[in-house]
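Here is a short briefing to keep beside the viewer.

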Amino acid sequence: MMETNKREGGLLMFEQIEQVVEEIVKAVGPEKVILISRKLSLSGEELGSFKLCVVLEDGDKEEAERKIYTTVDSDIPFDVVIYHQAAFENYPQLRGPLTRI
């Protein structure tokens, strides 16, 4: 049983992140959501926290951030960085394994 949990741990981590991404998409309708980083527990088997880049076409970034933090429910701590599409184009190095377009 323990071996199964270890093998599925990576998949479970991304499922937890994906759930948050789906809620963000529903809440603010971004152009993209990119996984910037994730931190694991000391054992390396559990997701400790993660950070997402949320790219909006336009609109009030502060309002979008407020809406995300008040409507998205997650047992795992997460942080968001919000950019407008025009500003995001200045950061081509921001690419991640969980990009939604």
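Of the contacts in the protein chain with a separation of 6 or more, 67% are between residues 24 or more positions apart. Please keep in mind that this is a predicted model. The chain has 101 residues, and buried residues make up 31% of them.

**Overall layout**

- The secondary structure comes to three helices and three strands, and reading along the sequence gives the pattern α-β-β-α-β-α.
- The chain exposes about 6600 Å², with carbon and sulfur atoms supplying 49% of that area.

**The hairpin**

- Strand S1 (residues 32–40) runs antiparallel to S2, and eight bridges join the two.
- Together S1 and S2 form a hairpin with six residues between them.
- In the turn sits Gly44, whose phi is positive at about 80 degrees.

**Aromatic rings**

- How many aromatic pairs are there? With ring centres required to lie within 6.5 Å, the count comes to two.
- One of them is formed by Phe50 and Phe78, at 5.8 Å centre to centre and with 20 degrees between the planes. This pair counts as stacked because its planes are under 30 degrees apart.
- Phe50 belongs to strand S2 (residues 47–56) and Phe78 to strand S3 (residues 78–84), so the pair links distant parts of the chain, 28 residues apart.

- Searching the whole structure turns up one salt bridge. Glu63 and Arg66 form it, and their closest N and O atoms are 3.2 Å apart.
- Both Glu63 and Arg66 lie in helix H2 (residues 61–71), three residues apart, which is about one turn of the helix.
- Glu63 counts as partly exposed because its relative accessibility is 40%, and Arg66 counts as partly exposed at 45%.
- Thr71 is also placed in helix H2, and at 45% relative accessibility Thr71 counts as partly exposed.
- A polar atom of the Thr71 side chain lies 2.6 Å from the backbone oxygen of Lys67.
- Which residues does Thr71 contact, leaving aside its neighbours within four places in sequence? They are Glu23 and Ala27.
- Thr71 and Lys26 are 45 residues apart in sequence, while their C-alpha atoms are 9.7 Å apart in space.

**Gln85 and its surroundings**

- Gln85 is found in helix H3 (residues 85–88). Its relative accessibility is 15%, so Gln85 counts as buried.
- The side chains of Gln85 and Glu89 are joined by a polar contact of 2.2 Å.
- Leaving aside neighbours within four places in sequence, Gln85 is in contact with Glu31, Lys32, Val55, Leu56 and Glu57.

Methods. Residues numbered from 1 in each chain as written. Predicted model: local features only at pLDDT ≥ 70, side-chain atom pairs only at ≥ 80, totals over all residues. Heavy atoms only, no water. Phe/Tyr/Trp six-rings, centres within 6.5 Å; stacked < 30°, edge-to-face > 60°. Helix = DSSP H or I, 4+ residues; strand = E, 2+ residues; numbered from the N terminus. Buried < 20%, exposed > 50% of the residue type's maximum accessible area, 1.4 Å probe, protein only. Polar contact = N/O pair within 3.5 Å; in protein donor to acceptor, adjacent residues only side chain to side chain. Contact = heavy atoms within 4.5 Å. Areas by Shrake-Rupley, 256 points an atom, 1.4 Å probe, with all protein chains shown as cover. Salt bridge = Lys/Arg side-chain N within 4 Å of Asp/Glu carboxyl O. Pairing = 2+ DSSP bridges.
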